[in-house]
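Me: I'm new to this structure and would like to learn how to read it. Could we go through a few features together?

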Amino acid sequence: MRIAIPVNEKDLKSGVCPSFGRAPYYLIYETNDKTSIFLDNIAAQSAGGAGIKAAQLLLDNEVKVIIAPRYGENAAKVLVDANVIVYRNIDGSAEDNIKAYENKKLDILADIHPGHHNHGK
Amino acid sequence: MKQLLIISGKGGTGKTTIAGAFIKLLQAKAYADCDVDAPNLHLISNHTVTEERKDYFGLPKAHIDINLCIECGLCEESCRFDAIHHGQRYYIDSYACEGCGVCKYVCPTGAISLREQRAGELMLYRNNAVFSTAQLEMGNGTSGMLVSEVKKQMKESAADDVGVAIIDGSPGIGCPVIASLSGVDLALIVAEPSISGINDMQRIIETARQFGTKLAVCVNKYDTNLKNTQTIEEFCKDSEIIFVGKIPYDKKAVTAINDGKSIVDIDCPAGIAVKKVFDNTIKIIGKL
Amino acid sequence: MANKKIAILSGKGGTGKTLVSVNLAAAEGNSYYVDCDVEEPNGHLFFKPKIIKKKDIFVKIPNIDNSLCSGCRECVEFCKFNALAYGRQVIVFEEVCHSCGGCMLVCPTKAISEKDKKIGVIEEGVSDEVKTISGIMNTGEVSGVPIIKELLNIIKDVEGLVFIDCPPGSACVVMESVKDADYCILVAEPTVFGAHNLAMVHRLVSLFGKKCGVVLNKCETGFNPSEDFCIKNNIEILARVPFDNDLGSLNSEGKIAVRENYKNKDLFYSLLSTVKEAVK
């Protein structure tokens, strides 16, 4: 099963990026074989609707769980529709958060913000 | 890093003048001008370093290769933005073009492509403080995206120990303002005590509320209409918005600005009043 | 009198666009006042017009028929604005949509049609002899361009002088507002900010080959950077409106100077004559 975390660098020790839609990279961690890959976030360059495109990118990579500090209502619509679960991250690296998830220490992220609407117009 | 945004709804209420004063009082290590349409903060920020410039590309715009064009007119028919015209040949009005790609899709000969177009410029001044600003090429859209770039540039270049960053916003309630509101900790609305000013203040409050931003209000040039100033204070009380103070109309302020100084650099009533507004505002941020 | 469109713009906000447009329209009498500052319209606060007609302004948004949707995602891939996504079905994000109609075109199963989304309203009214037409954008919407397009459509061929009160700045909403103007009045204030933004809008109107002149507002003694700019660049100065507490008070109370007991109202009548000469 795949978990995604928005990260600042392509490193398991990287901090979690405060933005969901415009994070530079996503860590995709496969729980079955404990492998990691890093995706470039193509949504970050979007004029607008970055959260939407980012959510779509993760869905297309078969992500089922996301660990993030926040996300907007647009991304939420996409993720909810696809039954993806989003947890709030803890302070620490991406690696720390994977461990916390595996030890069932993470809370569901209920805090969805109203969106930034910073799109191309 | 906490972010304080200064906006107004109505134009000309004194955002940039007040932002300049706040930057001086705070000795701000990071600040930005998000009025990318008509930036003015650089005129009083007195930077001696040369700025770093970077081209800004908005959305790619359509381009017709006249060698492939058979003048069928399908593109002009399908364009919803009135961006395609024909005289001696078919051509794109790149100011009207929104880069949607419909013309490219309908063109039977592949004569239309979408090309990157320079829509403005980002500037960054760096010495012991970082100042991020930009200028949108006139007539352009995508001001929201450029605003986001200005903020991103400021955040990325700011030192780790920046406490509060000051952001000078733009008038209006549309896209660039909405983009500036994103992620700020507090928005200070500079209101003017006129009928227009009150009306516009209410609309910007309504807009900011939709995005859940914490708000504070101050009145500039308050002594030009004491009755309206009182109306604003009462409105804030009824709406549970923090009123952080009022600044008198001050001719010396204009002189200071025209000399490239902030109002706290000279001895004047506006400067004294803005210091109180500043103290009240910083107190709110401190509690966040 | 023939249809002549006079756009009043400034670059910088708060310089006096509405003051000038409202008073010119009131001075002319039988004329049109069009408020294109749809984000923060103010003209109606001065005219207090009797509204005779309201028109809702809509943009088109995709409507998905899930029973016809095959899940091919052509629409999601096509959209340049990320307004569509696919979870277990197509999701539309209305506020990001630019109404280009592309998704409808590319859908192979004709599962996409369009529906209307209201973004604002146009109110037509009268105030004495002046016919007022104001565009008001709903808060939370991002662009007023479709409203401005319709405003200009309404006055396209009307008889008489049309005064177009433009938004501040120089972005697409301003361009849209001045597109069809026969003449542009640039209103400037005597500050470095004002001069800087005056230069900007002057560039814009020049780019569009528009004839223009400048009204210097809030003038006082001492160096006026905006006046200096005009002189250096050979731009006609149409009028110098002095900084005047009485005018400021009237304006602040939402009153139209030429309709009140204002001592200097000749200034606006003079300006009106100058402008009428310029658009002949």
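Me: Is Gly120(B) buried or exposed?

Reply: The idea is to count neighbours: a residue is buried if 20 or more other C-beta atoms, placed from the backbone, lie within 10 Å of its own, exposed if 12 or fewer, and partly exposed in between. Gly120(B) is buried because 22 other C-beta atoms lie within 10 Å. Keep in mind that this is a predicted model, where local features need pLDDT of at least 70, side-chain atom pairs count only at pLDDT 80 or more, and totals for chains, interfaces and linings use all residues. Residues are numbered from 1 along each chain as its sequence is written, while chains are lettered from A and ligands numbered from 1 in the order in which they are written.

Me: Which strand holds Gly120(B), and what is Gly120(B) in contact with?

Reply: Strands are DSSP runs (E, at least two residues) and helices likewise (H or I, at least four), numbered from the N terminus. Gly120(B) sits in strand β8 of chain B, residues 118–126. Contact means C-beta atoms, placed from the backbone, within 7 Å. Leaving aside neighbours within four places in sequence, the partners of Gly120(B) include Val36(B), Tyr56(B), Leu136(B) and Leu146(B). Cys103(B), in turn, is 17 residues from Gly120(B) in sequence and 25 Å away in space, C-alpha to C-alpha.

Me: Which residues touch the most other members of the largest nonpolar core?

Reply: In soluble globular proteins, nonpolar side chains tend to be buried together. A nonpolar core is a set of buried Ala, Val, Leu, Ile, Met, Phe, Trp, Tyr and Cys residues joined through C-beta atoms within 7 Å. Here the largest has 153 residues, and Ile189(B) and Phe163(C) touch the most other members. Helix α1 of chain C (residues 17–28) gives the most to this core, seven residues. Another core, of 46 residues, lies apart from it and includes Ala4(A) and Phe81(C).

Me: At what angle do α1(C) and α10(C) pack?

Reply: Axes are lines fitted to C-alpha atoms, for helices over the stretch in contact, and angles run from 0 to 180 degrees between N-to-C directions. α1(C) and helix α10 of chain C (residues 266–279) pack at about 80°, with axes 9 Å apart. That makes α1(C) roughly perpendicular to α10(C) (65 to 115 degrees; under 35 is roughly parallel, over 145 roughly antiparallel, the rest oblique). Leu24(C) and Ala27(C) are among the α1(C) residues that meet α10(C), where Phe268(C) and Leu272(C) are among those involved.

How values were computed. Contact = placed C-beta atoms within 7 Å.
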